[in-house]
Amino acid sequence: MTTFRGANCGLGAKPVCSVFTDTGSNATEGSGGVEMRYEAPETMKAAVALLASDEHGRVLAGGTDLLVQLRADTIEPSLVVDIKKIDEMCAITRENGGFRIGAAVTGAELGEHEAFKSVWPGVVEALELIGSTQIQGRATMGGNLCNASPAADSVPAMIAAGAIATIEGPDGRRDVPVGEVATGPGRTSLRAGELVASFLFPEQAPRTGDAYLRFIPRTEMDIAVVGAGVCLTLDDSDVCVAAKVSLGAVAARALAPEAAAKALIGTPVDDAALAELSRAASAAAQPIDDKRGTREFRIQVTGVMARRAAETALARAKGA
Amino acid sequence: MTGVGELPETRSVTLSVNGERHEIDVETRMTLADCLRRKLGKTGTHLGCEHGVCGACTVLVDGRSARGCLMLAVQANGAEITTVEGLASRGGEWHPLQQAFHEHHALQCGFCTAGILTSMVEFLGENPDPTEDEVREALSGNICRCTGYQGIVRAVLDAAGRLRARNGAIAP
């Protein structure tokens with residue numbers, strides 16, 4: 001199977017006794033067939049120039065995926081560009097009533113940002129599900145998106161929130177919806193020399209709530225079998241006037257099924273609407289069979305996760 | 001492997017480890033954990049899974065816990081690193097967490113202990129009076145094969161009390 005991030009499974013994959021022997025430099029350092037140049041530029045312009053200069057260059061944000069891939073020799077970059085020295089990529093700022101979050105902001109930093117957390121609790125809860133405390137101190141939303149795992153937890157939450165990715169590249173800056181960045185497992189729509197610089201979470205309408213839920217067999221430190229992000233807005237009479245639903249780990253990239261969102265819009269998000277949401281979410285899922293769950297199981301759980309996430313989002317929209 | 005006649009790409013970095021400043025040349029691919037163990041002899045930091053799951057290699061980087069196996073040494077340039085060797089006082093007196101681990105039988109083989117201690121130093125710094133559930137959640141990033149965690153949880157709760165008493169005695 002393909003592993004997508006540091007917080008993957010592999011428990012007990014090694015006989016425990018082997019950890020007592022230091023296996024020597026050749027065995028423990030990822031061998032690597034090429035020289036790996038490391039650069040830590042302090043400006044976006046310098047980072048873009050470096051990435052544009054080397055087609056085998058990789059961006060290093062938190063490193064919680066990249067270092068795993070380096071050691072497993074699944075990648076052999078000749079250049080690694082550490083973006084954590086670039087101030088704007090590590091900044092959280094207000095912009096037109098919304099928030100701009102640098103792509104290299106860590107999960108821990110965002111989780112400690114009370115203002116952001118109070119507006120977008122669903123995004124923060126998704127990010128905080130990624131790995132452990134030690135992972136969250138390094139891992140970033142930019143990395144979670146660009147690693148392009150179909151099971152990335154923060155991605156459905158960002159799609160539901162309507163977040164925009166701001167991309168910098170040799171031809172300048174462009175903005176795209178977060179859902180258009182990953183195109184399949186490990187693949188993105190980024191062009192040569194481009195990197196995701198930041199995310200814009202636009203100003204939120206009043207009476208809006210968001211939530212993210214995932215199913216995993218353990219309670220911590222696992223990869224989503226199914227993930228669901230929901231964001232919905234109510235009017236003064238508690239009727240849903242806007243909704244976005246996004247599903248993770250049930251297709252080659254995060255989905256945003258229109259039918260699932262439409263099941264909520266125009267309703268008071270009652271049992272009938274939630275049942276329709278559940279049906280629409282399950283119908284949209286196109287999962288694979290693997291050791292984490294069968295296709296049939298994932299399809300069923302998709303509806304359950306979507307419904308429960310919508311119930312939490314509803315309570316938050318009502319200010320509960 | 002590097003090709004015949006090629007030298008591995010290296011970088012000069014400055015690390016402060018347990019308050020001692022080191023200027024060393026490291027290969028760009030070397031992880032922080034390998035650097036601490038091999039270049040600086042800080043073998044108290046253990047390497048288990050080497051892909052970010054087991055937590056044995058946890059060290060503090062500028063006060064925050066991080067996986068030593070998921071950071072390159074070059075990324076830590078300029079950082080203050082604390083390893084398990086830096087927890088006891090200069091005079092050799094154990095950190096209250098170490099004392100509590102000793103008294104509560106919170107380790108058997110000890111392989112995971114350094115990573116648990118460093119993780120819990122950060123945790124108790126942020127949450128000086130945790131509940132048992134909070135301790136268990138904070139321990140979820142560290143895997144212990146031997147103890148079943150009961151002694152570890154007791155030790156962390158006991159150490160929290162000792163640290164509160166110690167810090168309360170110092171504070172006005």
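Reader: How much area is buried between domain 1 and domain 2 of chain B?
Author: About 1,100 Å², and carbon and sulfur atoms give 55% of that. Keep in mind that this is a predicted model.

Reader: OK, and where does the assignment put those two domains in chain B?
Author: Domain 1 of chain B is 10-86 and domain 2 is 96-166. Their centres, taken over C-alpha atoms, are separated by 22 Å.

Reader: How many residues touch across that interface?
Author: 18 residues of domain 1 of chain B are in contact with 14 of domain 2 of chain B.

Reader: How many salt bridges are there between these domains?
Author: Two across the interface of domains 1 and 2 of chain B. There are also six residue pairs in polar contact across it. On the domain 1 side, strands S3 (58-61) and S4 (64-67) of chain B each give two or more residues.

Reader: Switching topic: which residues have the most contacts inside the largest nonpolar core?
Author: A:Phe116, A:Met141, A:Val178, A:Phe199 and A:Phe201, in a core of 51 residues. Elements giving it two or more residues include helix H2 (44-53), helix H8 (141-146) and strand S10 (195-201) of chain A. H9(A) supplies the largest share, six residues.

Reader: What is A:Val178 in contact with, leaving aside neighbours within four places in sequence?
Author: Among them are A:Leu145, A:Val155, A:Met158, A:Ile159 and A:Phe199.

Reader: And what does the second core include?
Author: That one is separate, with 36 residues, including A:Met36, A:Leu70, B:Val26 and B:Ala76.

Notes:
Residues are numbered from 1 along each chain as its sequence is written. Chains are lettered from A and ligands numbered from 1 in the order in which they are written. This is a predicted model: local features need pLDDT of at least 70, side-chain atom pairs count only at pLDDT 80 or more; totals for chains, interfaces and linings use all residues. Side-chain values use heavy atoms; hydrogens and water are left out. A nonpolar core is a set of buried Ala, Val, Leu, Ile, Met, Phe, Trp, Tyr and Cys residues joined through side-chain atoms within 4.5 Å. Buried means under 20% relative accessible area, exposed over 50%, partly exposed in between (1.4 Å probe, protein chains only). Helices (H or I, at least four residues) and strands (E, at least two) are DSSP runs, numbered from the N terminus. Contact means heavy atoms within 4.5 Å. Domain bounds come from an automatic or database domain assignment. Buried area is the accessible area (1.4 Å probe) that two parts lose on being put together, summed over both. A salt bridge is a side-chain nitrogen of Lys or Arg within 4 Å of a carboxyl oxygen of Asp or Glu. A polar contact is a pair of N or O atoms within 3.5 Å; within protein, one must be able to donate a hydrogen and the other to accept it, and residues adjacent in sequence count only if both atoms are side-chain atoms.
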